[in-house]
Amino acid sequence: MLRHLFLWNKPSMLSAISSNLCALNTRTATTTTTSSMSTNATRQFCQISETNGVREICLNEPKTRNALSLGMMDEILSGLKQTWEDTNLRCIIISSTGPVWSSGHDLKELVPERGEEQQRAVFEKLTEVIYNIRKAPVPVLAKVNGVVAAGGVQLVSSCDIIVCSEKSSFITPSANFGVFASTPAVAMTRVMSHSKCLDMLMTGHPISAKDAYIQGMVSRVVPTEELDAEIVKIVNAIKQKSRSVLALGKEFFYQQLELTMEEAYQQGAKKMTENLKLNDSKEGLRSFMEKRKPVWSHL
């Protein structure tokens, strides 16, 4: 199968995939302090659920090793963008089923016979997904428990917080079959050292979860059996904060990355002053002075 040829280049990779017969079952993080409303929808490529303000987009096409086909990316994008105005939404988790978190783009959609317009549409669609991860007013978490390849690395690296199991690994092997991973490189170079990034891109060698953590690609690495609990811990910490404060902070965080240090500090001072005008900022300061827990309006 052309789509996943690169995964079988190394016996060690085949062994790792074979030994991992199924991915960890996903469990949506909840707390008792918010609404118990829950929704669940199975689409062609993704399972999308929402419980207590936590939306999970689970890549659910293990037969294609969760390839990022146009159909798959459309469903991820739809799950990302819906109901941003709902203040009950507090975070979004992107997870997957199967031993391969994602094998990257569906190469059948990129063969010459599909034409340049189709090829460009594939790359632009993942770019649109990534832009919307940044634009989302809530934190977007990647929950990784398996092999992540090529465009999958691009997607994971673009999430706000990335948590993976110790058995996870990351690989960008497309140069093996004549395609340099230029778009994954854009995401990778923004979170890890250039030399390690080029090592992965030019050799096609995988890196372990531990190495990905050392290089700054992922936020946390935990034993497989602790992955769900770690996600719950992070989500609960997020839900204790004001949604409006985190939305303001996330927006500025990504904006300042494009500025010089001088400009970033100037704009940062303005943004913190803006932050202090929020209702929740005023409530937070009052609660601190009164030695009580804040009651957030998320406004």
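Leaving aside neighbours within four places in sequence, V144 is in contact with W101, V156, I162, V163, C164, S165, S168, F170 and L227, where contact means heavy atoms within 4.5 Å. The model is predicted, so local features need pLDDT of at least 70 and side-chain atom pairs pLDDT 80 or more, while totals for chains, interfaces and linings use all residues. Residues are numbered from 1 along each chain as its sequence is written, and side-chain values use heavy atoms, without hydrogens and water.

V144 is also one of the residues that touch the most other members of the largest nonpolar core, which has 49 residues; the others are I76, V129, F170 and M217. Such a core is a set of buried Ala, Val, Leu, Ile, Met, Phe, Trp, Tyr and Cys residues joined through side-chain atoms within 4.5 Å; buried means under 20% relative accessible area, exposed over 50%, and partly exposed in between (1.4 Å probe, protein chains only). Helix α2 (residues 70–81) contributes six residues, the largest share of this core.

Strand β3 (residues 54–59) is covered on both faces: V54, E56 and C58 are buried on one side, and R55, I57 and L59 on the other. Helices (H or I, at least four residues) and strands (E, at least two) are DSSP runs, numbered from the N terminus.

Two strands pair if DSSP finds at least two bridges between them. Strand β2 (residues 46–51) runs antiparallel to β3, joined by six bridges, and S49 stands opposite E56. With strand β4 (residues 91–96), β3 pairs in the parallel sense, again over six bridges; here L59 stands opposite S96.
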